[in-house]
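Student: I would like to go through the salt bridges and their surroundings. Could we take the structure step by step?

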Amino acid sequence: MASVELRQVRKSFGNTAVVHGVDVAIADGEFVVLVGPSGCGKSTLLRMIAGLEEITAGEIRIGERLVNNVAPKERDIAMVFQNYALYPHMKVIDNMAFSMKLAGRSRQEIRERVDKAAKILGLTDYLDRYPRQLSGGQRQRVAMGRAIVRDPQVFLFDEPLSNLDAKLRVQMRTEIKELHQRLKTTSIYVTHDQIEAMTMADKIVVMNGGRVEQIGTPLELYDQPANLFVAGFIGSPAMNFLSGKLVGAGAGRGVRIAEGCVLPAPANGQADGRDVVIGVRPEDFIIGDSGVQAQVVVVEPTGADTQVYCRVAGQDVTAVSRARHTFRPGDTINLKPAEGKSYLFDPASGARIA
């Protein structure tokens with residue numbers, strides 16, 4: 001196992017910069033998830049760590065070793081790809097053993113490692129099958145087994161669950177997390193799915209436009225988002241954002257969304273009349289007898305809760321309630337944020353100000 005450190009890593013394709021000075025420190029044995037929308041540079045960053053892409057500037061260290069110019073096969077990493085990348089003409093046992101055969105390991109060592117990985121992943125009964133005879137989840141386990149037998153310092157996962165159906169994705173992410181807890185190998189995992197990031201990571205790196213927006217534990221990012229992007233990206237359904245102006249002071253502080261429509265806001269030192277964006281998570285909106293008026297647009301009962309999509313002074317808002325409401329489109333309801341459960345952001349920079 002080893003730590004991984006990125007120092008001012010940059011990547012350009014010709015004159016187009018796609019990664020802009022990324023700094024990330026990953027501790028030995030940590031499970032870190034790189035998350036962000038498509039095109040944010042997360043997969044490119046992972047490929048640079050693997051050595052599959054040359055870096056334009058900066059440093060990448062695995063353990064104490066600078067690996068900028070080290071060949072992929074000499075970095076002591078193992079990568080699990082989105083499309084499994086299995087050899088269709090080889091049986092499972094040969095797919096898992098292939099890299100060890102290339103490395104010149106003994107037949108006994110290869111068999112011992114393959115059997116151990118197969119037992120961990122529940123593949124013992126499938127070693128003599130071909131990839132075409134396996135389900136998607138089983139193929140992904142084979143790809144993971146091929147990585148495990150190498151006993152690398154670092155595991156790299158490039159959106160490994162995106163080709164699986166929703167139910168299998170939930171099962172596989174639990175298995176990958178359990179596998180990490182057992183092996184304790186440093187792992188870097190790329191996904192665009194923030195639910196995967198929240199449920200699997202020790203630490204999340206949120207990326208956007210080739211830059212790191214924020215680094216922290218899942219709950220740090222959820223409870224203390226640094227800016228509008230992180231606040232809107234982490235959490236499902238996404239945080240509500242309403243534009244308005246600060247009014248009042250102290251306990252009477254609020255954000256006027258429209259005339260006669262004021263949402264309670266965190267106390268802060270900002271001046272009255274300042275333009276702000278107030279953010280409230282859907283589960284932190286209380287549906288009750290007081291608050292601002294909202295017009296119901298769509299109601300989605302999910303069984304566990306009810307999602308109510310509505311409009312407040314012409315702005316779209318989502319509220320999530322554990323109660324089974326029977327609202328109909330066009331109904332008027334009252335919403336207010338739970339005490340201490342709203343955020344203020346600067347509309348120009350996007351930074352959180354309270």
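Student: Is Asp316 buried or exposed?
Tutor: Asp316 counts as exposed, at 53% relative accessibility. Buried means under 20% relative accessible area, exposed over 50% and partly exposed in between, with a 1.4 Å probe and protein chains only. This is a predicted model, in which local features need pLDDT of at least 70, side-chain atom pairs count only at pLDDT 80 or more, and totals for chains, interfaces and linings use all residues. Residues are numbered from 1 along each chain as its sequence is written, and side-chain values use heavy atoms, with hydrogens and water left out.

Student: Which side chain meets that of Asp316 in a salt bridge?
Tutor: The partner is Arg311, at 3.0 Å, N to O. A salt bridge is a side-chain nitrogen of Lys or Arg within 4 Å of a carboxyl oxygen of Asp or Glu. Arg311 is partly exposed at 40%.

Student: How many salt bridges are there by this rule?
Tutor: The count comes to 15. One of them pairs Arg7 with Glu59 at 3.3 Å, N to O. That pair links distant parts of the chain, 52 residues apart, with Arg7 in strand β1 (residues 4-13) and Glu59 in strand β4 (residues 57-62). Strands (E, at least two residues) and helices (H or I, at least four) are DSSP runs, numbered from the N terminus.

Student: And how exposed are Arg7 and Glu59?
Tutor: Arg7 is partly exposed, at 36%, and Glu59 is partly exposed as well, at 26%.

Student: Changing topic, why is helix α1 largely enclosed?
Tutor: Seven of its nine residues (42-50) are buried, so the rest of the structure largely encloses α1. Among the buried ones are Leu45, Leu46 and Ile49.
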